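Thanks for making time this morning. I'd like to walk you through one structure, a few contacts at a time. Here it is.

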Amino acid sequence: MKTSTFFKQATLCIALGFMAFALSAQTIITADNNPGATAAHTTAQSAHDAATAGDIIYLQPSSTSYGNLTIDKAITVVGRSHSEPGKVSKIGRITPRASNITLKGLEISSFYASSYSGAPTPPPYSGLNIEECEINSTFYLGTTSSLTSPSNIDDIVIRGCVIN
């Protein structure tokens with residue numbers, strides 16, 4: 001009887017340990033480029049470089065852009081808003097180079113999910129979610145037929161966005 005109870009308790013402890021480990025695998029990294037801010041990151045790219053797959057990057061509202069961002073890992077980039085005055089999270093060009101990327105609440109200058117001058121052809125990827133964002137300039141989702149190995153982009157969700 002004692003052995004049975006011991007094994008049940010040990011199994012429960014191991015299961016709880018695995019659940020705690022799985023839940024702690026995600027980190028929220030904050031970037032803030034406002035004057036006087038004390039965040040460790042002032043650009044979107046530096047926050048991205050510090051992140052690991054599955055992390056969330058939060059861009060504080062700012063009147064200044066967080067710069068260009070090339071995403072080469074499965075992360076989520078979140079801003080406060082693209083349309084609330086004084087609460088806009090601006091970012092320059094976004095170039096995705098990985099699967100399972102989520103962008104939400106950002107004002108994006110341009111979006112290149114394709115090749116552009118000087119950038120490598122993206123590999124096949126999927127799971128791109130763009131929600132509640134504003135894209136102001138260029139929005140490329142594919143490659144031109146002149147490329148020898150065109151990109152393969154699958155499972156793109158664009159919801160609640162403004163594309164100018």
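Let's start with charges. E84 forms a salt bridge with R80, and the closest N and O atoms are 3.4 Å apart. One caution before going on: this is a predicted model. How exposed are the two partners? E84 is partly exposed, at a relative accessible area of 33%. R80 is partly exposed too, at 40%.

How many salt bridges does the structure hold? Two. The other one joins the side chains of R159 and E131, at 3.9 Å from N to O. This pair links distant parts of the chain. R159 sits in strand β11, and E131 sits in strand β8, residues 125-131. The two are 28 residues apart. E131 is buried, with a relative accessible area of 17%. The cut-off for buried is under 20%, so E131 falls inside it.

Now a charged residue without a partner. Find D55, in the loop between α2, residues 44-50, and β2, residues 56-59. D55 is buried, yet it has no salt bridge. Where is the nearest side chain of opposite charge? That is K73, and it is 7.4 Å away.

What does lie by the side chain of D55? Look at backbone nitrogens. The one of T52 lies 2.9 Å from a polar atom of the D55 side chain. The one of T27 lies 3.0 Å from a polar atom of that side chain.

Next, the rings. The structure holds two aromatic pairs. In one of them, F111 and F139 are 5.3 Å apart, centre to centre, with 35° between the planes. That pair is tilted. Which parts does it tie together? F111 lies in strand β7, residues 107-112, and F139 lies in strand β10, residues 139-140, so the pair ties together parts that are 28 residues apart in sequence. Buried or exposed? F111 is buried, with a relative accessible area of 0%. F139 counts as partly exposed, at 23%.

The other pair is Y112 and Y140. Their ring centres are 5.2 Å apart and their planes stand at 40°, so this pair is tilted as well. Y112 is in strand β7 and Y140 is in strand β10, so here too the pair ties together parts 28 residues apart in sequence. Y112 counts as buried, at 16% relative accessibility. Y140 counts as partly exposed, at 43%.

On to the surface. I156, I158 and I163 form a nonpolar patch there. Together they have about 220 Å² of accessible area. I156 has its place in strand β11, residues 153-159. That is the strand that holds R159, from the salt bridge with E131. At 31% relative accessibility, I156 counts as partly exposed. A patch residue needs over 30%, so I156 passes that cut-off.

One last stop: Q60. Where is it? Q60 lies in the loop between β2 and β3, residues 69-71. Q60 is partly exposed, with a relative accessible area of 25%. Now look across to V88. Q60 and V88 are 28 residues apart in sequence. In space, they are 8.1 Å apart, C-alpha to C-alpha.

Methods
Residues numbered from 1 in each chain as written. Predicted model: local features only at pLDDT ≥ 70, side-chain atom pairs only at ≥ 80, totals over all residues. Heavy atoms only, no water. Helix = DSSP H or I, 4+ residues; strand = E, 2+ residues; numbered from the N terminus. Buried < 20%, exposed > 50% of the residue type's maximum accessible area, 1.4 Å probe, protein only. Lys, Arg positive; Asp, Glu negative; His and termini not counted. Salt bridge = Lys/Arg side-chain N within 4 Å of Asp/Glu carboxyl O. Polar contact = N/O pair within 3.5 Å; in protein donor to acceptor, adjacent residues only side chain to side chain. Phe/Tyr/Trp six-rings, centres within 6.5 Å; stacked < 30°, edge-to-face > 60°. Patch = residues over 30% accessible without salt bridge, like charges linked within 9 Å, V, L, I, M, F, W, Y side chains within 5 Å. Areas by Shrake-Rupley, 256 points an atom, 1.4 Å probe, with all protein chains shown as cover.
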